[in-house]
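This report describes the arrangement of two chains and the contacts between them. The sequence and structure are shown first.

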2 protein chains.
Amino acid sequence: MAYEREAAILEVTSVVLGAARDFLCREGFVELLPVMLAPVTDPLRHTTDRAILEAYGTSWHLTRSMIFHKQAAVRVCRRIFSFSPNVRLEPAEWGKTGRHLFEFVQLDLELRDATRQEVMALGERLFLYVMEAVRARCKGELELLGRRLPSFQAPFPKVTYQQAKERYGEDFEQKLSQEAEAPVWVVDFPIEVREFYDREDPTRPGILLDMDLVYPEGYGEALSGGEREHEPGRILARIERQGLDPKAYRPLLSLAEEGLPPSAGFGIGIERWVRYLCGLAHVREVRLFPRVPGEPSLL
Amino acid sequence: MAYEREAAILEVTSVVLGAARDFLCREGFVELLPVMLAPVTDPLRHTTDRAILEAYGTSWHLTRSMIFHKQAAVRVCRRIFSFSPNVRLEPAEWGKTGRHLFEFVQLDLELRDATRQEVMALGERLFLYVMEAVRARCKGELELLGRRLPSFQAPFPKVTYQQAKERYGEDFEQKLSQEAEAPVWVVDFPIEVREFYDREDPTRPGILLDMDLVYPEGYGEALSGGEREHEPGRILARIERQGLDPKAYRPLLSLAEEGLPPSAGFGIGIERWVRYLCGLAHVREVRLFPRVPGEPSLL
């Protein structure tokens, strides 16, 4: 059969999407339609070009993450998620990392009144549920791809940013991922390496109530999230501390002045997840027409 | 409770997404990740501004529909669907129609080797399945919204474009929708009112093997689709006949030269579907932050 390998990867992707949705709906989540264009989007710490469309006399940013829309949506529904296409114009040389696409889909979710601990536990259950769904429903696909999925149990091991840095140096993610035998949490990022919306621990200034989950076998970051700043004064202070222009974040500040609830959540990239589950060399293989930084595409 | 109405509409939306996905997966479909940026997108007959992003030395069109990606994907999987965000920069005055958003999500699906008749039957089953799911799982939401859902049976009534035009004049969609007591198919559009990718009936030159489904109660178009042109010579002739530049569609022509299978499919707009199911005055109510032509948005 032609396209055997491509078909297997698409089937696994479809099972991941379906299983994640089933799991979240059973946990009381509501699926939101994704947002592609908005007056403001995630600033992101690492350098990416801005992707902007001019229309109807206004500038619309292509979504880099739905963080602010998630914070607004949990006013209406307690638990929400979206399969959200993100556009991040990363440097062309990142096309070679095996982990970067400039267009990808993120399962982005948020919980009103939740703590980091609750969200981490949810993340573990989601991860294991989807893994078991793929194991059970994609036997032939995994065999064709030569992939043997290991088994894990919650809770996953946990290290602090500080511990990871002491053990592996500043750029620890890759080494940590290569040595890990199970998915591993990294918690307590310092304020200067993350975005302003991750909540600072009130009892430990400069340390955030956030986390990443890192895949084993060198597949790098799985998900990233945390508790959120939701009080207008705190958000403003953090925007200024990150060196950003508060005027650009006026929409978020207005919502916070009306009242945003405390919340926590995370985003997990679908293509990287499928790459890990299928054991693929490059995330590009997950897409029929991948958007690799620096590369054109036939279609 | 604050946001009671908004929460009810979001819940119905989530049920529509989940039920549609369940139905399609049981019918053997594979869910594809949506495409947001591409070298080429749906030309669309009606006037819309082009939405283009420049990146990595190339022009990327924001998706107006995944038609060409669907045709390419059915080479790999027999039946595919995607919840696909579309950006269509419609004229500002269309903001008042009640039916237009410049960013919306389309459930876009395609079946290899299928006829129009098969796809219409699938569309009816999908429509009824999702309607029954909403009726069963959203009782409280429908009551809160004051919506009583009628009951329908397949097959839905069918008129040709020519019959509809004779009865209601050139712009028949709205009148047909207002008078209809059930969803109604319009079939056999003439070649000059539709896009080049809808297949011309080999036995009736100038008539297409395509269809629209129109909601009752004045809610207008539900879905639009048809069989596809898949032979390179036919595609080229149709591109030229529509007055488009074949160079712009080189990617599609290259794929067709490699070999595209015959296929048929349709797209159904999620926000309009939810508007109909909830009985809303304007499609804007389906979104927390709607993208209405000509209007700015807070977030």
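Which residue of chain B comes closest to the rotation axis? Of the residues of chain B, B:Leu53 has that position, with its C-alpha at 3.5 Å.

## Basis of the model

This is a predicted model, in which local features need pLDDT of at least 70 and side-chain atom pairs count only at pLDDT 80 or more, while totals for chains, interfaces and linings use all residues. Residues are numbered from 1 along each chain as its sequence is written, chains are lettered from A and ligands numbered from 1 in the order in which they are written, and side-chain values use heavy atoms, with hydrogens and water left out.

## Symmetry of the two copies

Chain B is superposed on chain A by a rotation of 180 degrees with 0.0 Å of shift along its axis, at an RMSD of 0.0 Å. The two copies are therefore related as by a two-fold rotation axis. The superposition is by least squares on the C-alpha atoms of residues with pLDDT of at least 70 in both copies. The same surface serves both copies, since 100% of the contact residues of chain B recur in chain A; contact means heavy atoms within 4.5 Å.

## The interface

In the interface, 62 residues of chain B are in contact with 63 residues of chain A. Between them the chains bury about 5300 Å², of which 73% is on carbon and sulfur atoms. Buried area is the accessible area (1.4 Å probe) that two parts lose on being put together, summed over both. B:Leu33, B:Tyr56 and B:Leu299 supply 16% of the area that chain B buries against chain A, more than any other three residues.

One count between chain B and chain A is 1 salt bridge, a salt bridge being a side-chain nitrogen of Lys or Arg within 4 Å of a carboxyl oxygen of Asp or Glu. The side chains of B:Arg21 and A:Glu31 meet in a salt bridge with an N to O distance of 3.6 Å. Helix α1 (residues 4–26) of chain B provides the largest share of the side that touches chain A, 10 residues. Helices (H or I, at least four residues) and strands (E, at least two) are DSSP runs, numbered from the N terminus. By class, this side of chain B has 43 nonpolar, 6 polar and 13 charged residues; Ala, Val, Leu, Ile, Met, Phe, Trp, Tyr, Cys and Pro count as nonpolar, Asp, Glu, Lys and Arg as charged, and the others, Gly among them, as polar.

## Salt bridges within the chains

Side chains of opposite charge can pair when their charged atoms come close. Over all chains the count comes to 57 salt bridges. In chain A, A:Glu173 pairs with A:Arg99, the closest N and O atoms being 3.2 Å apart. This pair links distant parts of the chain, 74 residues apart: A:Glu173 is in helix α6 (residues 173–179), and A:Arg99 is in the loop between β5 (79–87) and β6 (103–112). A:Arg99 is buried, with a relative accessible area of 18%; buried means under 20%, exposed over 50%, and partly exposed in between (1.4 Å probe, protein chains only).

In chain B, B:Arg99 and B:Glu173 meet in a salt bridge at 3.3 Å, N to O. B:Asp201 and B:Arg204 also form a salt bridge, at 2.9 Å. B:Asp201 is buried at 9% relative accessible area, whereas B:Arg204 is partly exposed at 33%.
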